[in-house]
Each structure stands twice: as structure tokens, then as C-alpha cells.
2 protein chains.
Amino acid sequence: MMTISWVQTLELSLPSLNDNTADADRLIHALKSRLGSDNIAMDLDMLKTLPDVMRNANYHIRCILYKDRSGWGISGVLAAKNSSPVLGMAVDLGTTRVVLRLMDLSSGRSISESSFDNPQLVVGPDILTRIHHADSPEGQRHLQNLIVDGLNRLMAELCTSCGFASTDVYLMAIAGNTAMTHLFMGLNPRWIIREPYIPVVNRPGTHRASQLGLLANPCARVFVFPNIGSYFGGDLIAGILYSGLNQREETAILVDVGTNAEVVLGNKNWMIACAGAAGPALEGGAARMGMMAGPGVIDRVAIDPDTLQMDIHTIENLPPVGICGSGLIDLAAHLFLCGMLDIRGKFVASKCRNQLKEIDGIKHLVVVDQKDAAAGCDLSISQADIDSLIRSKAAMYTILETLTASVGMAPRDLTRFYVAGTFGSFINPISAIAIGMIPDLPLNCYQTLGNSSLGGAARILESSELFEEIDRIRDSITYLELNVNQDFMNRFSAAKFLPHTDKSLFPSVNIHELLQDFTP
Amino acid sequence: MMTISWVQTLELSLPSLNDNTADADRLIHALKSRLGSDNIAMDLDMLKTLPDVMRNANYHIRCILYKDRSGWGISGVLAAKNSSPVLGMAVDLGTTRVVLRLMDLSSGRSISESSFDNPQLVVGPDILTRIHHADSPEGQRHLQNLIVDGLNRLMAELCTSCGFASTDVYLMAIAGNTAMTHLFMGLNPRWIIREPYIPVVNRPGTHRASQLGLLANPCARVFVFPNIGSYFGGDLIAGILYSGLNQREETAILVDVGTNAEVVLGNKNWMIACAGAAGPALEGGAARMGMMAGPGVIDRVAIDPDTLQMDIHTIENLPPVGICGSGLIDLAAHLFLCGMLDIRGKFVASKCRNQLKEIDGIKHLVVVDQKDAAAGCDLSISQADIDSLIRSKAAMYTILETLTASVGMAPRDLTRFYVAGTFGSFINPISAIAIGMIPDLPLNCYQTLGNSSLGGAARILESSELFEEIDRIRDSITYLELNVNQDFMNRFSAAKFLPHTDKSLFPSVNIHELLQDFTP
């Protein structure tokens, strides 16, 4: 595939009596051979400034391009000698966190990155609350203004900090889940959460930044990633693009772990996807000491198999305030491999000894003694927290099993396992394997992608040739509605053990391997 | 070619858990099979209202379409049971007069028509004055506001008079010359009149009405006809479309007569065009008694060959105030055939007798005696006026000769001669042949088209399938720059006689035929 930059430098033939082609058509004609396309649009605003720009540049220009579904478009024309920057902005529009990456559209290189809490958090932390808030037109507008204002603020900050201006941004690529995308675009999200769960649009396409209220260049365009439904959004399509799963010969799987587990299985010829509730245990909130990653949060845990002494690591090494998903998975894996949890995930009293307490009739295991905890009281994990984690991990494994089975594979047949999302990056795969959350594959099969949503959005800004690939990805995905039938329930029941009722599926992991990996 | 109406009624499948396609994509998918195209755009404003419209209509809708160069677009979605009208507006954007035709987009039928003086006349009657006025941004905005406000006013009047509203208008098609088009769109016309005469754009395309300041439906689109240069505008492209010249097997010619003579020769396979100054004699202003058609203006003249008595017809039968182009041509033809003008176009004193006067050393022929004239003084035509007419008619014939010669034809080889433009409709072809302005073809070869610019614009609103034909016409025209070389000058000199130095070219016309045609 030929790499075509979003910024093209052109030296046009000068107009003459023998060639009186209009300015716009002259430019489009020159681009036509460069781009190999006849379909190049230019809107009214561009036409208004074009004659002066062309003449001042003596027809030697830089032309800034965008694409939409129907072809190419021109969003800027500058004199070639004009050295002002031409920027792009990739956006991961997260429910909780929004990340922006500033790019150089000429070279496709990243310049800088910044993030902020989604300002819609003031309305509610979860999607559901926000969608209900959007039931009134005022509420919907309120949510749109919050995110658009936030984006404008951070975009200006990020540009300024690099010595640029927001108006230097000509192209943006935005990847978010279906609900966040709707709220950002001012589209009614009402039907996303009501049966049969219909978004307003699957392929939002490319729009003028100004129409979306974004204070980039007045002619800038914004590409919004498509979704394949209310529960499989543009963030995941961007993630697939970023992983490269869509271009591999061999079948691979991509898992985005969070409150929902979104899973894609496939290769360059086909893709199958599903999304299911993986349970709240993994993203904080459910376990009483569970919380989202942040300063003081326990993100890694080890247990000495001889002394059963706990060794914890907190983010920024602050006194512990709680535990996040990756810490919880570590903890469960170590507890199990040290014999403190049995295969049903129940605390083994003889092993847990004085760490085990009973509060309101429910067993709790003290993880951090009150003297070491930030709040001055014990940080403990309850049997209910562990049960919840086990349901989550069982749900995850069952989804993987169901999806692979649907194409005649088993989870262990996979040779490549992409873990997407920031949360996924922090999970220790050995721990996750130890509790039977993910299949027992050689560790080099696992590849964490980090913020793959942002990564995918940025890929689009690097150069133009992946643009059509996005729709191809979207259109080649078969969405598998997870039918919670008897088959699924049987699989789920079998997966609710540590690591699984069928131990032969998880032969490799042991406590020593886990400990080797733990370096607090 | 299949006729596809701009308004499509669709009964969509209802969303369900088994078919959770988004509202927008559901609509586009259904249109796709209807239109045979994958390329259907829908913008943000449409997306915002779509979910409610779809649900209130129970997915049984009327969908209003437009086209641009890259494909189809949707400019409106109404419930099928909603009976509100869906209108189109065709506009002939003349330098002097602007004509609007209201259409029913569902049926493609015309509803009503109205016209107004181009409000830019307050700046100046001619294109040149207006382009100079547009040298400052304020001047340019002023001219744009004048025409846009005028269009909005008349559009509202026309709609209201038919019981509709401007917001019922979803699609407009505008045909005008290159300068008028630029001024209307707010594009800088500066370079149109400066060598090498470069328009801002040849193919303006389709725009949002709101972006152009037009108060039609907020989602309405406006298609602006393309030009092939500063001196061959969208009005002529529309005229070609209306004439059907572009679809004929046999070669035909289309002539738009005015201050400029614009001529197109060709058939469905090729077209060649040129534009040249036909002289001011034909559109009033030059002859001292010459003026544009209007009440009291002499538009037809006859002379009794025996008594040499003049018989005149004025518009609305009012006392004569002057003479317009068609009247002047009649007059010259009759004067010549009665022997009052010689073949050089000079007054023959022996025949003109006491009608001939000398004023400031120049011979004048009294056409209307002071007692019959509106102003109470003689209406006369000077030798200079006749000379000017003869230069004009010679220029016209020379252009026709040059254009046909360029493809190895002669004017008399033509079997179809389209006369475009309102002015052309009023010329008596027998008179025009008699003075050698147009070739001596059988009268049934001549076909007057009336306002072919408006006609072409209206054709586009009748149904969608001619849309691509417009660009095909534009692109298949070879523009012949009229080289005023020795060859041209020789032809011009030969044509400066009545009817021509080569009388064999005009064998058929005589005074009796002319008189038969004259019924004041």
C-alpha cells in the first residue's frame, strides 16, 4: 500500500491564456494524479480564500487533506514556503479518562500527549447515568458541552505547551465507545440502552470540527470511529486497527478487559466479536477495598509461599488505600497457589490463620494491617469480593471459550492474544492464567497494547492509507450475541473454579514462576 | 436511464435484537438497493433528528435526496404519512433578471414561476462594474447580500403564493454566468476579468443552502452549475442540457445571443464552444434609440414594399419609446429588402426620401414621427446605428462560420439550430437570415428555447438521473479561443454586407416571406 501523507506539497502549472482552468479545479486536477482519485472535494470556505493563497504562493502550495466515505477532501491550502505546522489530534474518548495525542500531520509523528478526566463524570461515573441525564434536550446538551469544552481546553493547552495553536490542528480522529461518541456528537443516546439497543448511527464518518463545536482550524475535519452496535464501539474498532489483528494470516484474539469484556477473534479474512459483562470486580467499586488505579492503590501483590507473608506494591509507593483489578488478580493467584484459597475460591482457615476475620458473618482476609494502611484501619478482602472476582474471571474465560468454540477452536489454540486497554496493560498475565481468567498460553503469545483506542486513532493520522481499512474492519466483524443458554451456563460453572474444573487446561503456572515475576 | 425521484418512500424493516443496525445505517442500507449506490451521505443535523422521526413514522418514511460529485446525500427525512410538500427551486441567475421556478420534487413537475430584477443593478448594469465593486471585501459582501436577500425574498413570496413555505424547499439548482455565480457564492471575481481570466472554480458543486445564506429548509442543498471559464458559464451548460444537443446523434448548434454571442456546436459525442463579442447593437444601449425590451419598445417592424410605409409593433401596444434588438433586426431586414439600405448597409437616399435627415453630419432615418412617439420627438435610427448592427451581425455570422469550419462544416450544413436566451426568442429568424446574421436554413431547423438556463436548472430538479450529465457536458466541451487572425478578419469583412458578399449563401429570403410573417 502506498503511503500518502495528509499533507501534500504541489507545484502547480501557472494559469495562462492556454490553460485557464480555475484555481480550485487546477489544484484538484494536480491532486488527482497524486492521489490516484477523481473524487476530491473542496468546500465553500476553502474556495473563498483560495485565489489569494494560490497567487501569493505563486501556485507552490501545501495542501492538507482529509477523507470521508465518499473520497478525499481539502481542509487547508498554505503556501509551500509558509512553515506553519500542520497538526493532527488523536483522541481516546473514554468514559472515565480522555486522552489526546498531538501529531505532526506532515510526518505522521507523535508530538505530545495529555489526558483529563471526562468532565461528564460530574453527571455520573457510569454510562447509564449519563444516558438518563441526556433524556432531556438540556441534559443532552449539557453532556455534549462538558466533553466538547473539555476537549477544547486540553487541545489548546497541549498545542500551546508545544508552541502551537489549536488552529494549527486540521484533522482529528476520535475513538470512543458508542455512548460516549453519541454524547460527544450531540446525538440522542436514548435508544442505546433500550431494547433492541439501537444507536443513532454506526458509521458517523467525517465532520467539520466547527460543526461539532471543536475549536481547531475553522476548516478542520473530525473523523469519528464507527461502531458495530451499542455495546461494541469505535474504541474497539480503533483497537483492532492498532493491534493489526485485521491483517494477520493466523487467527488471533483481542480482549479489552473492563466492566465489560469485549473480545474479537479473527484474522485478515474474518472477525467475530462479542461483548459481555465480565463483572464489576475487575474495575473497582465492587470489592469494598476495590478501586480504580490511582496513587496509593495496590496494583501488585505477592505472597511468600513459605512464610505466607504478603508483599504489596502501591502506585507511587504511597501508603495503601485500596486495591485495583490487577492487584486483586495477583492477590487471588497467590492466595490460591499458596493454598490460602481452595479450588472453589474459599478461604482456607488453616492456612489464612490470624489474617482471617469474620465481620457481619462474612469472612475477611486482612491484606494490609491497620498500622500500615493509609486510613489507619485494616484493608481486607472479603469472601464476597473473591466470589465476585471468580464470577468475573469465569465470565471472561467462558466468553473466550464460547467465541473460540463458535469457530471450532479452543482458547489454547491461539498463538496471539492481544490485551487492549490501559487496565489490561497492568494485569500480570501469569496471575490471570493462574486463576484461569485467560488461557494457559506461552507468555510470549500475550501482547499488551496499552491504550489501543488512542493508538488506533493515531494510526489514522499517521498517513491516509489505513482510512478505508476502518470500515473494512467494521464491516467484516460478525457480532455474536452472547446467548446465555445452557451450554454457556455449563461452561461458566466449570470455569468458576481455580483455575478451572479441568485442570489439564492450565498445566503450566506455579507459585515460583509468579514470584519470579514479582519485583515490587 | 432509470428515473429516480429526489423523494423516495421507504418502508424499513423494524429494528430488533436480531437486527440492531443503527437508524442512520438502516436507512442508508435500504436506500442503497433503491439507488444502486453505496455512496450515501447523511450529515450531523440529519442524525440529530433522525431517531425520533424514524420512530414516530414507525420506520415508514419519505427520504429527500440530493447529489454531489461524490455521490448521494440525504437532506430530509419525513414520516411517509406526513403530507407536507417537498419543493425544489430552479434559478436562472441573470445579470439583469433573475427567474425562479418552484417545482414539486416528488413528481418533478413545475408549480409556479416568478422573476425579479437582479438587485445588483443598483451597483451597475454590467458585469464589469460589479466586479470592480467587488474589489473590496465590503463591496463583494454587498453584492452577495443583494442577490442572496433578493433570492430569499422572492423565494418566500413564490412559496407563500402557492400556499407553501421556504422551509419546504429542499433542493435548489442555480444556473448563471461565471461572474454572477461567483458573486452569489461570495467568491472573489477579481481574476475573471484580468488576464488570463481565471475563475475561482469551474465546478462549484453542491452546497448547503444555509452556508450560502439561503433561507430554504435548514438541511436543503444548492447545486450550482459549472462553467468552462470566465466567459462560458453555468447558464450555457444548463442551456445545452435543456436543448438536448448533448444527446443528439446529428450535429447541432446552440446560440445564445446577447452582448456576447455564446455558441456551442456538437452532438452526443463531442462539443466545441466559443464566445465572442457580438457587439452591443443587439442588446440596446448602442443605438441611440436602442434599449432593452420593455413597455412601449418597438419589437417588430415591417415596411410595405410598395408604399414604403413603416408598420411598427410596440410591447403592450404603448406609444413607442425606442427599439430593441429584435425590432432593429426586423427594421434592417425590411429596409434592405425594400431597397432603402444597400448591400453595404448604407441608406439609399432616393428610396428613403423625406424620412432621411442629417443631424450633426450623420444620416438618420425617422422611424416614428414625433406626433406618434411617446416623448414627442422623432424616433430615428442613424447610419452609425445601422453600421453597428451590421458589425454585430457580421461578428455573429463569422463566429458561426469559424466554429463550423473548425470541424469541417459550413453553417448551411446544420439541420438543427437552437436559439437560446429570452432575447433569442424574440428575434424573427427570417429577418435575421435576411440580414445574414444567421445561416439561411429552412425555418423548421430553428428552434427557440426561451429561458434555457432556467429550463436546464429545472431539468435537474425533475429527477436525479441527469445530474452526472452536467459534468459530462462540461467536460466534453472543447473551448475554442476565438483567434482574431487574418482568416477571421477576412470572414468578418465578407460578412459585413447584406446579407453577405457571397449571395449564394442566402438564396431564400425575400420581402414577401417577411411580410407574411409580420402580424402586428
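**Exercises on a two-chain model**

L308(A) is buried, since its relative accessible area is 9% (buried means under 20% relative accessible area, exposed over 50%, partly exposed in between, with a 1.4 Å probe and protein chains only). The model is predicted, so local features need pLDDT of at least 70 and side-chain atom pairs count only at pLDDT 80 or more, while totals for chains, interfaces and linings use all residues. Residues are numbered from 1 along each chain as its sequence is written, chains are lettered from A and ligands numbered from 1 in the order in which they are written, and side-chain values use heavy atoms, with hydrogens and water left out.

**Backbone angles**

Solution: Helices (H or I, at least four residues) and strands (E, at least two) are DSSP runs, numbered from the N terminus.

Task: Decide whether R353(B) is buried or exposed, and find its loop.

Solution: R353(B) counts as exposed, at 56% relative accessibility. Its loop runs between helix 8 (349–352) and strand 17 (356–359) of chain B. R353(B) is not a glycine, yet its phi is positive, at about 45°.

Task: Which residue is joined to P499(A) by a cis peptide bond, and which to P196(B)?

Solution: In chain A, the partner of P499(A) is L498(A), with omega about -15°. P499(A) belongs to the loop between helix 14 (486–495) and helix 15 (511–517) of chain A. In chain B, the partner of P196(B) is E195(B), with omega about 0°. P196(B) lies in the loop between helix 5 (178–185) and strand 9 (205–208) of chain B.

**A serine in a loop**

Solution: Second, check its accessibility: at 8%, S230(A) counts as buried. Third, list its contacts (heavy atoms within 4.5 Å): leaving aside neighbours within four places in sequence, S230(A) meets T178(A), I192(A), Y197(A), I198(A) and P199(A). Finally, follow the side chain of S230(A), which reaches the backbone oxygen of Y197(A) at 3.0 Å and the backbone oxygen of I192(A) at 3.4 Å.

**Aromatic rings**

Task: How many aromatic pairs does the whole structure have, and how do F417(A) and Y446(A) pair?

Solution: The search finds 14 aromatic pairs over all chains. Rings of Phe, Tyr and Trp (its six-membered ring) pair if their centres lie within 6.5 Å; planes under 30 degrees apart count as stacked, over 60 as edge-to-face and the rest as tilted. F417(A) and Y446(A) make a tilted pair, 4.8 Å centre to centre with 50° between the planes. This pair links distant parts of the chain, 29 residues apart: F417(A) is in strand 20 (residues 417–420) and Y446(A) in strand 21 (residues 446–450) of chain A. F417(A) is buried at 1% relative accessible area, and Y446(A) is buried at 10%.

Task: Classify the pair made by F223(B) and F225(B).

Solution: The ring centres of F223(B) and F225(B) are 5.2 Å apart and the planes stand at 65°, so the pair is edge-to-face. F223(B) counts as buried at 3% relative accessibility, and F225(B) is buried with a relative accessible area of 1%.

**Nonpolar cores**

Task: Which residues touch the most other members of the largest nonpolar core?

Solution: A nonpolar core is a set of buried Ala, Val, Leu, Ile, Met, Phe, Trp, Tyr and Cys residues joined through side-chain atoms within 4.5 Å. Of the 108 residues in the largest core, F184(A), L27(B), I74(B) and F225(B) touch the most other members. Helix 4 (residues 137–161) of chain A gives this core its largest share, nine residues. A second, separate core of 107 residues includes A79(A), L171(A), I147(B) and L212(B).

Definitions and conventions. Polar contact = N/O pair within 3.5 Å; in protein donor to acceptor, adjacent residues only side chain to side chain.
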